[in-house]
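Please examine the structure shown here and consider the questions that accompany it.

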Amino acid sequence: MPVPLKIAVFRALQLGDLLCALPAVAHLKRCFPDSILYMIGLPHMKSLVERYDFIDEFIVFPGYAGLPELPTPDLAEIDRFVQEMQKRDFDLLLQMHGSGTIVNDFLKLWEAKRLIGFCPDRRNANKDWLHYPDDLHEVDRHLALLEHMGLKVESTDRRILFPLKFSDWEGFHVLERQVNLRHYAIVHVGSRNVDRQWPLSNFKYLAEYLHHRGLQIVLTGTVAEENLVDEMEQLLEIPVINLAGKTDLGVLGCLVRNAAMLVCNCTGISHVAAALETCSIVISLDGEPNRWGPINKSLHTTYNGREELDLVDMEAVIDRMLQVH
């Protein structure tokens, strides 16, 4: 019996970043169905990755100098991790973390039989290194890497995935009864980077318009965003359901799936809505709305939050999208 191919994917980034890369990871498994596929990522992404049956094992990444997602571990811990990766003896290691300025030399230390990924300098591009394509949507960027490997990619491979489990729906229905959820819209004012948070006064305007349209307003956010969400609740002059810090990832997914609409910054929840096909208004403040905004323009409208936006004009967009829903 042949020994299965051992394939590892390195992407030690946050929720939205990971969701945008997973279509390529899923396609990779379809191309190599008998392989053992490993995902190497941030510790708190373990519960997300375990939702996907095409990933065989999640490996916790401890951090590395120059990567801001985790505190830099001491050299002894990094050395232990490198030795563990060497013992894994990967047949193929894919660098899907970014342009490779910091991580490429680090990944070479793992001594995989073959390392493929993005590189920052066009002069170093070859059969294993694709010059980082800045002009593509984040989903398409990783599919382009698979094409660089020689794999065939179809338009149907672009879909973001967020599977929901029976236990997620059980938890959601408990919450639904507790807060008397009916016909509702989600307003998510937070974002990990405070520079990418649209002003609360703008969210207030849209939330109150949605309330005027007959929807309950549900505020969501992480535990770290509870103060910001509480501030939003105090600002609103309408009744709201504040669920900040009260949902795990699975229940949040169910909440998004059953919502009439989501209004949010361009952050992880916007990609969850893209996966679950929930209408959304997404405000992009990172200067790259075409890179990170949802692909399906009929269900989702992405605005460049760095430009002056007419909130009254956005009412008509909301009306149209609610009709679609």
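The questions and answers below concern a predicted model.

Q: Which residues have the most contacts inside the largest nonpolar core?
A: The largest nonpolar core of this predicted model has 84 residues. Helix α1, residues 15-31, gives the most to this core, with nine residues. The residues with the most contacts inside the core are Ile40 and Trp110.

Q: Which residues does Trp110 touch, not counting residues up to four places away in sequence?
A: Trp110 is one of the two residues named for the most contacts inside the largest nonpolar core, together with Ile40. Ile40 is also among the residues that Trp110 touches. With residues up to four places away in sequence left out, the list for Trp110 is Phe10, Ile40, Phe81, Val82, Met85, Gln86, Phe90 and Leu93.

Q: What is the volume of the largest pocket?
A: The lining of the largest pocket comprises 50 residues, and the closest to its centre are Gln14, Leu15, Asp17, Arg192 and Thr267. Two or more residues of this lining come from each of α1, α2 (46-49), α9 (249-257), α10 (268-276) and α11 (289-292). The volume of the largest pocket is about 1400 Å³.

Q: How many residues in the lining of the largest pocket are charged?
A: The lining of the largest pocket divides by class into nonpolar, polar and charged residues. Of these, 17 are nonpolar and 22 are polar. The number of charged residues is eleven.

Q: What is the volume of the second largest pocket?
A: The residues that line the second largest pocket include His137, Arg158, Arg159, His271, Glu277 and Asn296. By class, this lining has five nonpolar, four polar and three charged residues. The volume of the second largest pocket is about 210 Å³.

Q: Why is α9 largely enclosed by the rest of the structure?
A: The buried residues of α9 are Gly250, Val251, Leu252, Gly253, Cys254, Leu255 and Val256. These buried residues pack against α6 (166-179), β7 (184-188), β8 (216-220) and α10. Helix α9 is largely enclosed because the number of its nine residues that are buried is seven.

Q: Which residue has a side-chain oxygen that reaches to within 3.2 Å of the backbone nitrogen of Gly250?
A: Gly250 is one of the buried residues of α9. The contact to its backbone nitrogen is found at the start of α9. The side-chain oxygen belongs to Asp248.

Q: Is Gln95 buried or exposed?
A: Gln95 lies in strand β4, residues 92-95. The side chains of Gln95 and Asn104 are joined by a polar contact of 3.0 Å. Since its relative accessibility is 0%, which falls under the 20% limit, Gln95 counts as buried.

Q: Which residues are in contact with Gly117, leaving aside its neighbours within four places in sequence?
A: Gly117 is found in strand β5, residues 115-119. With a relative accessible area of 0%, Gly117 is buried. Its contacts, once neighbours within four places in sequence are left aside, are Gln95, Asp128, Trp129, Leu130 and Leu145.

Q: What is the relative accessible area of Asn180?
A: Asn180 is found in the loop between α6 and β7. Although Asn180 is not a glycine, it has a positive phi of about 60 degrees. Asn180 is partly exposed, and its relative accessible area is 45%.

Q: How far apart in space are Asp134 and Arg291, C-alpha to C-alpha?
A: Asp134 has its place in the loop between β6 (129-131) and α5 (138-148). At 59% relative accessibility, Asp134 counts as exposed. Asp134 and Arg291 are 157 residues apart in sequence, and their C-alpha separation in space is 8.6 Å.

Q: Which residue has the backbone nitrogen that the side chain of Asn304 reaches at 3.0 Å?
A: Asn304 lies in strand β12, residues 300-304. Leaving aside its neighbours within four places in sequence, Asn304 is in contact with Ser284, Pro289 and Leu309. The backbone nitrogen reached by its side chain at 3.0 Å is that of Arg306.

Note on methods. Residues are numbered from 1 along each chain as its sequence is written. This is a predicted model: local features need pLDDT of at least 70, side-chain atom pairs count only at pLDDT 80 or more; totals for chains, interfaces and linings use all residues. Side-chain values use heavy atoms; hydrogens and water are left out. A nonpolar core is a set of buried Ala, Val, Leu, Ile, Met, Phe, Trp, Tyr and Cys residues joined through side-chain atoms within 4.5 Å. Buried means under 20% relative accessible area, exposed over 50%, partly exposed in between (1.4 Å probe, protein chains only). Helices (H or I, at least four residues) and strands (E, at least two) are DSSP runs, numbered from the N terminus. Contact means heavy atoms within 4.5 Å. On a 1 Å grid over the protein atoms alone, a cavity is a set of points where a 1.4 Å probe fits but cannot get out, and a pocket is an open set with protein on both sides within 12 Å along at least five of seven lines; lining residues have an atom within 4 Å of a point. Grid points are joined across faces, edges and corners, and a volume is the space filled by probe spheres set on the points. Ala, Val, Leu, Ile, Met, Phe, Trp, Tyr, Cys and Pro count as nonpolar, Asp, Glu, Lys and Arg as charged, and the others, Gly among them, as polar. A polar contact is a pair of N or O atoms within 3.5 Å; within protein, one must be able to donate a hydrogen and the other to accept it, and residues adjacent in sequence count only if both atoms are side-chain atoms.
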